[in-house]
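Hi,

Here is the structure I promised to pass on to you. Have a look at it first, and then read my notes below.

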Amino acid sequence: MTQLVAYYDTNPVEVNGDVEITQAQIASAAGVPSVEGAIRAALVYVCVYRPTGWLLVPFGGYDDWSLRDRYNEALRIMTVLGASSITCETFAEVSVRRGLRAKIAGKGPQFTQERVQNSGFDFRHDGTGHAPRDPRPLSWPDEPGFSAAVANVLENGSAEVEIRIRSSRMYAIDGDLALQLKGVGFELGGVAQRSGTTILHIRASFPQVRKGWMPSANW
């Protein structure tokens with residue numbers, strides 16, 4: 001669950017109905033955590049709901065933050081579930097050139113995945129594993145594969161689980177929404193974003209459930 005919010009010192013930015021955003025006096029943000037620390041007036045934040053409450057993420061940094069936060073959550077889930085081994089590999093989605101015949105037929109571009117070497121997301125862990133515990137509540141309960149991984153290990157005793165996480169351009173600083181927000185006077189807190197689509201392949205193996213092992217809650 002997300003929404004856009006901006007704070008002001010004296011007067012809100014006049015949007016004239018051009019963009020959908022909540023504005024409030026900056027004093028009302030006291031106690032609301034932000035990923036970059038101090039909250040700034042006129043900067044657009046993506047307000048993200050977490051099990052611990054709301055979190056403010058600058059618009060321009062949201063997509064990169066989201067990918068890394070989902071990555072960290074996936075590793076947490078696998079670890080709490082008792083994984084004996086975890087690997088993460090990074091792939092980039094690239095367009096494949098198509099022949100003239102395909103272009104004439106009006107078919108869209110095809111994409112393939114290429115392995116990215118020396119990615120900051122690459123990860124490998126090997127150990128003995130442990131009795132599965134329940135990692136819920138999840139920070140990203142609607143992320144494809146997260147809830148299924150929990151159910152498959154706790155309820156079905158799955159020995160292997162794979163999750164794929166795709167980068168998002170929901171709040172890209174060069175997108176239409178960003179241009180509208182900048183056009184009425186907001187700041188986006190832009191950062192250098194990776195181009196194209198990044199896909200993280202996370203695989204985990206779990207030890208066979210030993211007699212006497214019971215899933216336990218981890219609230």
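**What I found**

Thr 2 stands opposite Val 48 in S3. Strand S1 (residues 2–8) runs antiparallel to strand S3 (residues 45–50), and four bridges join the two. In general, the strands of a sheet pair through backbone hydrogen bonds, either parallel or antiparallel.

Now to the whole sheet. Four strands make up an open sheet in the order S2-S1-S3-S4, and the pairing is mixed. At the edges are strand S2 (22–25) and strand S4 (53–58), each of which pairs on one side only. On average, neighbouring strands of this sheet are turned by 40° against each other, direction ignored. Helix H1 (residues 62–80) packs on the sheet, where it touches S1, S3 and S4. The direction of H1 makes about 20° with that of S3.

Next, please find Ser 119, in the loop between strand S6 (110–115) and strand S7 (123–126). Is Ser 119 buried or exposed? Its relative accessibility is 16%, and buried means under 20%, so Ser 119 counts as buried. A polar atom of the Ser 119 side chain lies 3.0 Å from the backbone nitrogen of Phe 121.

One word on confidence: this is a predicted model. The mean pLDDT of the protein is 88, with 86% of its residues at 70 or more. Confidence is highest in strand S8 (residues 133–134), at a mean of 98, and lowest in helix H2 (residues 100–104), at 52. Where pLDDT is low, the predicted coordinates should not be read in detail.

Best wishes

Definitions and conventions: Residues numbered from 1 in each chain as written. Predicted model: local features only at pLDDT ≥ 70, side-chain atom pairs only at ≥ 80, totals over all residues. Heavy atoms only, no water. Buried < 20%, exposed > 50% of the residue type's maximum accessible area, 1.4 Å probe, protein only. Polar contact = N/O pair within 3.5 Å; in protein donor to acceptor, adjacent residues only side chain to side chain. Pairing = 2+ DSSP bridges. Axes fitted to C-alpha atoms, helices over the stretch in contact; angles between N-to-C directions. Contact = heavy atoms within 4.5 Å. pLDDT = per-residue confidence, 0-100.
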